[in-house]
Amino acid sequence: MKKTSSLMLALVIALSVASSGCGRTAQISEAKKAYTIGMIVKGLGNPFMEACGKGFEEALKEYGDRAIYQGPSIPTAEGQIEIIENFIAQKIDAIVITANDAQAVVPALKKAMDAGIKVISFDSSVAAEGRLVHVNQADAKLIGRLQIQAMAEMIDYKGEIAILSAGATMTNQNAWIKYMEEELRNKKYSGMKLVTVVYGDDLRDKSYNEAMGLFKAYPNLKGIIAPTAVGLAAAANAITDAGLIGKVKLTGLGLPSEMAQWIKNGACESMFLWNPVDLGYLAGQAAHSLVTGEITGKVGEKFIAGKLGEREIIKDPTGGVQIMLGFPFKFDKSNIDKWKDIY
Ligand code: RAM
């Protein structure tokens, strides 16, 4: 990838003409450095990731920084490592990554940090030693619990359910699933049984086929929870194609723009998400502030994240530090039309 000039000069020339008229001085303010920051997404062709990229680009634009958006064609750690190596060779200023595998990308990211590149994760976190800070969409426990609660209401607290996840090594989905299982241990869900967790790897076709496989393997299946935007849309498509609307209920995490049709046709009654554009925007703001040295990744540091206002670095449960975005919202027939054109 070609690296454009990393220096963009913002020269402010203030001409002051002495009142006597006998002279003129030119003041040149300090040159403003433009940084290059690369976002590495889980995979290309994922609309959720594209929404994050939009916010990321918007944030960097505010500083005149250069944004690079890249991801492997298939969501793998190997593909991401290749991109990290490339970014190190290009000597970019910061990497913002959502990990396909929290551990596998650590050595390459450590190499990047040794080379002076600021590394932050967002969405799906990298293990604490492989990044300076993680930008977290919302409380993982809440995200997990909400999906179980929604499913329980849809199936009247009775019957077999399955989870259709993204990749088996993805930090965010695994954390949410852990909290779903924890929630399910509550007595009030004793009539519900989680029969399996399958993985569509955040690939449309694989997710669709996994959903179809569930209908065959579990003829009594009452519901699917898909905590992945790709998986949820694919499962809705599969439920529709298999003629199972109303018979197999569906909830999870999805993008309103993509899910509107499936919410309207009844394949998915309700689902949840935070604002992915804001998530990418916050990641971009945090990366810029790390590069300028405004923050260094210590608990208690604060910075102004553009339009999102002041944010603080706090501890994360894995021993690292994080910045929180907000809360998950619920989408259903009552509000989907308002959101479908936004993200
Ligand atoms: C998918 C990705 C992403 C997740 C969303 C909800 O697009 O796996 O990591 O946060 O779904």
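Let's start at the ligand: one of its oxygen atoms sits 2.7 Å from an N or O atom in the side chain of Lys42. This is a predicted model, where local features need pLDDT of at least 70, side-chain atom pairs count only at pLDDT 80 or more, and totals for chains, interfaces and linings use all residues. Residues are numbered from 1 along each chain as its sequence is written, and side-chain values use heavy atoms, with hydrogens and water left out.

- Asn172 has a side-chain N or O atom 2.8 Å from a ligand oxygen, and for a polar side-chain atom of Asn46 the distance to a ligand oxygen is 3.0 Å; a polar contact here is a pair of N or O atoms within 3.5 Å.
- On its own the ligand exposes 290 Å², and the protein buries 100% of that (accessible areas by the Shrake-Rupley method with a 1.4 Å probe).

**The shell around the ligand**
- There are 14 residues around the ligand, and Lys42, Asp123, Asn172, Asp202 and Ala229 come nearest (a residue counts if one of its heavy atoms lies within 4 Å).
- Helix 5 gives the most to this shell, with three residues (helices are DSSP runs of H or I, at least four residues, and strands are runs of E, at least two, numbered from the N terminus).

**The largest pocket**
- This pocket is lined by 27 residues, with Asn136, Ala140, Ala175, Pro317 and Thr318 nearest its centre (on a 1 Å grid over the protein atoms alone, a pocket is an open set of points where a 1.4 Å probe fits, with protein on both sides within 12 Å along at least five of seven lines; lining residues have an atom within 4 Å of a point).
- Helix 5 also gives the most to this lining, with six residues.

Technical notes: A polar contact is a pair of N or O atoms within 3.5 Å; within protein, one must be able to donate a hydrogen and the other to accept it, and residues adjacent in sequence count only if both atoms are side-chain atoms.
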